[in-house]
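Trainee: Could we go through this model together? I would like to begin with the metal site and then move to the sheet and the rings.

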Amino acid sequence: MTELVRNIAEIGAKFAIDGTFAGGEEVKSGHINTTYLASYEDDDGDVSRYILQRINENVFHQPLVVMKNIERVTRHINRKVFRHKRDFSGQTLNLYPGRDGKNCVEGPSGGIWRCYNFIAGCRTYDVVENTRQAYQAAKAFGAFQDLVSDLPVEKVAVTIPGFHDTPARYARLMEAIESDAHGRAAGVKEEIEFIKARESITGVLLEHLKAGRLTERVTHNDTKLNNVMIDEQTDEAVCVIDLDTVMPGLALYDFGDLIRGATSPVAEDEQDYTKVEMRLSMFEAIAEGYLETARNFLSPFEIDLLPFSAKLISMEVGMRFLTDHLEGDKYFKVHRKGHNLDRCRTQLALVRSIEAQEEKMLAFVKKWHRS
Ligand code: ADP
Ligand code: GN1
Ligand code: MG
């Protein structure tokens, strides 16, 4: 048994899981938490799998608040799914308690760990393969927003303050440039100029919110493609995962993040950013999937802002990657030198690609006013 597998077995032993530990491995997608897949065998030889996850405390300063939110949201969704059977293909996310009955445990070498059921027969994608996956992922996130739309916003805690406060993200980037703690600012002049030239867009959605033109709702806030489990056989979206950032927010940021993560033909960390493109066919599939479930609660004003939201969040995430690059790669997991800078460059390339197509995108969504 390797040290990693022994470690997984020790963590798993703290949860109320039946059966004998039969193996474990690390799941490497995701930039934030530590995620393990653990298998257990029962007396009949049947194997059950579970996800064990350590909450990144550098990102989530109050892991117990995160757990309370997740418990509330998963319960709410499960209650509704069982009542109305709006469950796509029967799998929802569930927390498994620790042996002491709590929704999380302290790991053998510290940290807060939780356990989820493994969503079987599915996988996640870092790069979208076809319009069906794009459509399905968007439909699932729209359905997620719909399912939590009757949860009062004040019942859901803010797990990361200012998460989609784009002007605050901009200000933090300016501070990082000013401090230049790792001497990297000189190498990113072009990126800085690109972002500075677009400062005026950063506050648009929050200003609409302040003026009462947009409504705050319970939203997912991290709707990237690898946060939805997709059926390996049918490409159907089965279950939305990664609920750490479910909190009060704007539906538009969720939609924009879908476009950011599921329209380009290359990965978020592609080193040749000239390959990045916001493909209109993927945009249309996502808008159709999302609006199919979300149009019940979206206003025409919100619908018109859908294309803009894609540009805004691509810029926001680009700024966050650049900030982390300048601050010494402390937030996002990195696997090579310049990883965050590569990610920043793909995001800025997406912004450029969206700018070139914004009118066509707008014409497409406007159709949903009338239908
Ligand atoms: P992070 O916050 O680090 O992105 P995620 O919750 O998204 O963490 O989990 C990382 C990856 O682990 C996901 O992209 C997915 O591939 C896998 N994963 C997470 N939860 C489950 C689950 N319940 N069933 C199957 N795979 C899962
Ligand atoms: C992180 O956790 P993950 O990998 O699904 C990040 C998102 C970013 C995304 C960029 C809590 O998402 O906000 O948009 O990386 N999550 C958090 O890929 O910061
Ligand atoms: Mg994730």
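This is a predicted model: local features need pLDDT of at least 70, side-chain atom pairs count only at pLDDT 80 or more; totals for chains, interfaces and linings use all residues.

Trainee: Which residues are the protein donors of the magnesium ion?

Mentor: N227, through OD1, and D242, through OD, lie 2.2 Å from the magnesium ion (ligand 3). Donors are N, O and S atoms within 2.8 Å of the metal (3.2 Å for Na, K and Ca); water is not among the atoms, so sites may look incomplete.

Trainee: Where in the chain do N227 and D242 sit?

Mentor: N227 is in the loop between β8 (217–219) and β9 (228–231), while D242 is in the loop between β10 (237–240) and β11 (247–249). The two are 15 residues apart, and the pair links distant parts of the chain. Helices (H or I, at least four residues) and strands (E, at least two) are DSSP runs, numbered from the N terminus.

Trainee: Is N227 buried or exposed?

Mentor: N227 is buried, at a relative accessible area of 4%, whereas D242 is partly exposed, at 24%. Buried means under 20% relative accessible area, exposed over 50%, and partly exposed in between (1.4 Å probe, protein chains only).

Trainee: Changing topic, what is the strand order in the open sheet?

Mentor: The open sheet has three strands in the order β7-β9-β10, with antiparallel pairing. β7 (122–123) and β10 are the edge strands, each pairing on one side only. Two strands pair if DSSP finds at least two bridges between them.

Trainee: What packs on the sheet?

Mentor: Helix α3 (residues 131–147) does, touching β9 and β10, and its direction makes about 40° with that of β10. Contact means heavy atoms within 4.5 Å. Axes are lines fitted to C-alpha atoms, for helices over the stretch in contact, and angles run from 0 to 180 degrees between N-to-C directions.

Trainee: And how many bridges join β9 to β10?

Mentor: Three bridges join them; M229, for example, has C239 in β10 as its bridge partner. β9 and β10 form a hairpin with five residues between them, and D235 in the turn has a positive phi of about 65°. On the other pairing, two bridges join β7 to β9, and C122 has D231 as its partner in β9.

Trainee: Which way do the β9 side chains point?

Mentor: V228 and I230 point one way, M229 and D231 the other, and all are buried.

Trainee: Now the rings: how many aromatic pairs are there?

Mentor: The count comes to nine aromatic pairs. Rings of Phe, Tyr and Trp (its six-membered ring) pair if their centres lie within 6.5 Å; planes under 30 degrees apart count as stacked, over 60 as edge-to-face and the rest as tilted. One of them is F255 with F283, edge-to-face at 6.1 Å centre to centre and 85° between the planes. F255 is in helix α7 (residues 251–262) and F283 in helix α8 (residues 280–294), 28 residues apart.

Trainee: Why is the pair of F255 and Y290 tilted?

Mentor: The pair is tilted because the planes stand at 50°, with the ring centres 5.2 Å apart. Both F255 and Y290 are buried.

Notes:
Residues are numbered from 1 along each chain as its sequence is written. Chains are lettered from A and ligands numbered from 1 in the order in which they are written. Side-chain values use heavy atoms; hydrogens and water are left out.
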